[in-house]
Amino acid sequence: MIGAEQIKINFESFNKALETHFESERLEKLKTLADCLKERMMFAPASSKDWFNNAFPGGYLDHILRVNKIANQLHKLYNFHGATESYTNEELNFVSLFCQLGKLGDWNNEYFTKNDSDWHVKNLGMVYKFNEHVPAMKIYDRTIYLLQDAGIKISHNEYLAIRNQEGLFDESNKFYFYSGQKETKFRNHLPLLIHQAIQTAQEIEYQMWNSEKPVVHQSPKPANASKADKSIRKAKAINTENNPNFNEKTKSIIDSFFTD
């Protein structure tokens, strides 16, 4: 969870990133887009389930800023190891800042709404549900739709990186990732970089959520227990008074499994 002050800071950081990486007509259109979706951009979650990633107010922008930071760090890592760079800094930052725009919904409706089902919240961790008034689309498809509808042109590199952001978690991406010929491989590593940045951000956000959960203390396994420890403990619980054939020697062998 993040507070109101951090939500405000995140939106200011987002606008600063726009000013840093874009210019001219594109910058103006991106600023108009951000202003149009300002409230949703500031308060939308990044996912619907608490255990997934950033399922809280302000989670979307917190996630996107993390993706952008990781993407730039990965870009430097690729360069450090001699990777060929055939995309621009603007393309890198455009995709990392806007690749999941579709999570905000369409122009009229937010995508995530508070879940009114206590059962789903308690048992599945589904704190948000999908808005039925938003036409069903893949996140990347809605992202591309919103961008083109706002008059923001995207390059070939940007399109492929947005389109393939889910990697092989999306079956339809096999065409791009399971390349049978060198001619059909990606012409640059931007799609891979963006996918890696998103997955890294999601994993970090999951770990942050998981570390905030109350620790449930469980009885530890005996130090010398094997996979058969359940059977051994069951045998250990045998009442020798009711089992005359279960002598002290046998009991001492079983006891040895539970001593250091």
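**Helix packing around α5**

Helices α1 and α5 are roughly antiparallel to each other, and I would like to begin with that pair, bearing in mind throughout that what we have here is a predicted model. The axes of α1, which covers residues 4–21, and of α5 come within 10 Å and cross at roughly 160°, and because angles over 145 degrees count as roughly antiparallel, that is the description the pair receives. The crossing itself is left-handed. On the α1 side the contact is made by Phe14, Ala17, Leu18 and His21, and on the α5 side by Asn89, Glu90, Asn93, Leu97 and Phe98. Sorted by class, the residues of this contact are five nonpolar, three polar and one charged.

Let me turn to the other partner of α5 that I want to show, which is helix α8, residues 156–163. How far apart are the axes of α5 and α8, and at what angle do the two helices pack? Helix α5, spanning residues 89–98, packs against α8 at an angle of about 30°, and the axes lie 10 Å apart. Since that angle falls under the limit of 35 degrees, α5 and α8 are roughly parallel to each other, and α5 passes α8 in a right-handed crossing. Here Glu90, Glu91, Phe94 and Val95 from α5 meet Asn157, Glu158, Ala161 and Ile162 from α8, and by class these residues divide into four nonpolar, one polar and three charged. Glu90 is named in the contact with α1, and Glu90 is named again in the contact with α8.

Stepping back to the whole chain, the secondary structure comes to twelve helices and two strands, and the order along the sequence reads α-α-α-α-α-β-α-β-α-α-α-α-α-α. Of the 260 residues in the protein, 40% are buried. If we take the contacts with a separation of 6 or more, 65% of them are accounted for by residues 24 or more positions apart.

I will finish with the cysteines. How many disulfides does the structure hold? The count is zero, a disulfide being a pair of cysteine sulfur atoms within 2.5 Å. Cys99, by contrast, has 0% relative accessibility and counts as buried, since the limit for buried is under 20%.

Note on methods:
Residues numbered from 1 in each chain as written. Predicted model: local features only at pLDDT ≥ 70, side-chain atom pairs only at ≥ 80, totals over all residues. Heavy atoms only, no water. Buried < 20%, exposed > 50% of the residue type's maximum accessible area, 1.4 Å probe, protein only. Axes fitted to C-alpha atoms, helices over the stretch in contact; angles between N-to-C directions. Helix = DSSP H or I, 4+ residues; strand = E, 2+ residues; numbered from the N terminus. Parallel < 35°, antiparallel > 145°, perpendicular 65-115°, else oblique. Left-handed = near helix turned anticlockwise from the far one by under 90°. Contact = heavy atoms within 4.5 Å. Nonpolar A, V, L, I, M, F, W, Y, C, P; charged D, E, K, R; others polar.
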